[in-house]
Amino acid sequence: MFHEMQLGTRGPHVTVLHAFLCGAVPLPGIEMDQHYGEVTARAVAQLQRKLGGPADGNCFGEDTRAAVMGRFGFDFDAACEAIKYRPVEGVRTRSAGAGT
């Protein structure tokens, strides 16, 4: 299952993203607060630039997730499953293969 995140998304899967971002694109101000806010968006944009794709940071979608897996070998879905991901309000969930 694929977990798309965007500004305003909340949940433990956002903390998985925060932990990854701290290692991949250190940016002061990232807090493990389960919230995809402005600082997270800036870090995701920096990551997207590093990966050579469009870099708006407003969405950690399927394309960014696939690029992270290809470049770093980080399986975001497996990490979310390991924390027993439960959807929360404001989170859009869809199966892998849907475009973003």
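Hi everyone, here is a short tour of a few residues in the model shown above.

A word on the background: this is a predicted model, where local features need pLDDT of at least 70, side-chain atom pairs count only at pLDDT 80 or more, and totals for chains, interfaces and linings use all residues. Residues are numbered from 1 along each chain as its sequence is written, and side-chain values use heavy atoms, with hydrogens and water left out.

Let's start with T64, which sits in helix α3, residues 62-72. Helices here are DSSP runs of H or I with at least four residues, and they are numbered from the N terminus. T64 is buried at 10% relative accessibility; buried means under 20% relative accessible area, exposed over 50%, and partly exposed in between, using a 1.4 Å probe and protein chains only.

What does T64 touch, not counting residues up to four places away in sequence? The list is L47, Q48, L51 and C59, where contact means heavy atoms within 4.5 Å. With Q48 there is also a side-chain polar contact of 3.1 Å. That term covers a pair of N or O atoms within 3.5 Å; within protein, one must be able to donate a hydrogen and the other to accept it, and residues adjacent in sequence count only if both atoms are side-chain atoms.

On to the cysteines. C59 is buried, at 18%, and C80 is buried too, at 0%. The structure holds zero disulfides, meaning pairs of cysteine sulfur atoms within 2.5 Å.

Last stop, Q34, in the loop between α1 (12-24) and α2 (38-50). Q34 is not a glycine, yet its phi is positive, about 60°. Its relative accessible area is 38%, so Q34 is partly exposed.

Conventions:
Helices (H or I, at least four residues) and strands (E, at least two) are DSSP runs, numbered from the N terminus.
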